[in-house]
Amino acid sequence: MHRTGTTRRGALTATGAFALGAVLTGCGGGPETRTALGGTDARTASRSGALRASAARDSASLLSGYEQVAAAHPVTEAGLAPLAAAVREHLTALGGPAKAPSGSPSPTPPAAPTEARTALKDLAAQERRVADGRATALLTAEPELARLLASVAAAGAAHAFLLTELAKETPA
């Protein structure tokens, strides 16, 4: 016996196609969409530039923290090197220099604690704070910057986890 009418599979397929169409239409947000949503291009660009600059400053501060901890505690250098390289890449992606030019003030965290484990835990906490700030900022960012901030925030959360694990493995 052959069923007539709408089947469960047909209904799910139609619903999925409709949802995919709605998502794809919403992702096309060009200037008309931004204006229709109440924002102007100039205002959006200004806010986006400020968010990007703030994120770059945070990355510069994180990179400085990594460099200070590695210099103060050579036993952590091998574990910190790949994470610091990733932070350097984030800084570049956010539009900041890979290394702060000499003579320009860069945000520097306080000196690394005297114990390596404590320094790593402090660095993990800084990564968490920055990742949380970026996750909050992406809610108001334009789509391209929001994707970048989400990616960098996710990497920062992973770094915080890895730093916490490195702290556990570091000899006292």
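Visitor: Which residues have the most contacts inside the largest nonpolar core?
Guide: Y66, L80, L120, L149 and L163, in a core of 28 residues. A nonpolar core here is a set of buried Ala, Val, Leu, Ile, Met, Phe, Trp, Tyr and Cys residues joined through side-chain atoms within 4.5 Å. Buried means under 20% relative accessible area, exposed over 50%, and partly exposed in between (1.4 Å probe, protein chains only).

Visitor: And which elements give two or more residues to this core?
Guide: α3, α4, α5 and α6 (143-169) do, and α3 gives the most, with nine residues. Helices are DSSP runs of H or I with at least four residues, strands are E runs of at least two, and both are numbered from the N terminus.

Visitor: Before I get carried away, what kind of model is it?
Guide: A predicted one: local features need pLDDT of at least 70, side-chain atom pairs count only at pLDDT 80 or more, and totals for chains, interfaces and linings use all residues. Residues are numbered from 1 along each chain as its sequence is written, and side-chain values use heavy atoms, with hydrogens and water left out.

Visitor: Okay. How many helices and strands are there?
Guide: Six helices and zero strands. Buried residues make up 31% of the 172 residues in the chain.

Visitor: What does L149 touch?
Guide: Not counting residues up to four places away in sequence, L149 touches A55, L94, R134, A137, L138 and A141. Contact means heavy atoms within 4.5 Å.

Visitor: Switching to α5: what span should its 22 residues have?
Guide: At 1.5 Å a residue, times one less than the number of residues, helix α5 (residues 116-137) should span 32 Å, and its end C-alpha atoms are 31 Å apart, which agrees. Seen down the axis of α5, the buried residues fall within an arc of 160°, so they line one face of the helix. That arc is taken from the directions from the helix axis to the C-beta atoms.

Visitor: Which residues are exposed on the other side of α5?
Guide: K121, R129, D132 and T136.

Visitor: One more: where does T76 lie, and is T76 buried or exposed?
Guide: T76 lies in the loop between α3 (41-72) and α4 (77-93), and T76 is buried, with a relative accessible area of 1%. Leaving aside neighbours within four places in sequence, T76 is in contact with V69, A70, A116, L120 and T170. A polar atom of the T76 side chain also lies 2.7 Å from the backbone oxygen of H73.

Methods. A polar contact is a pair of N or O atoms within 3.5 Å; within protein, one must be able to donate a hydrogen and the other to accept it, and residues adjacent in sequence count only if both atoms are side-chain atoms.
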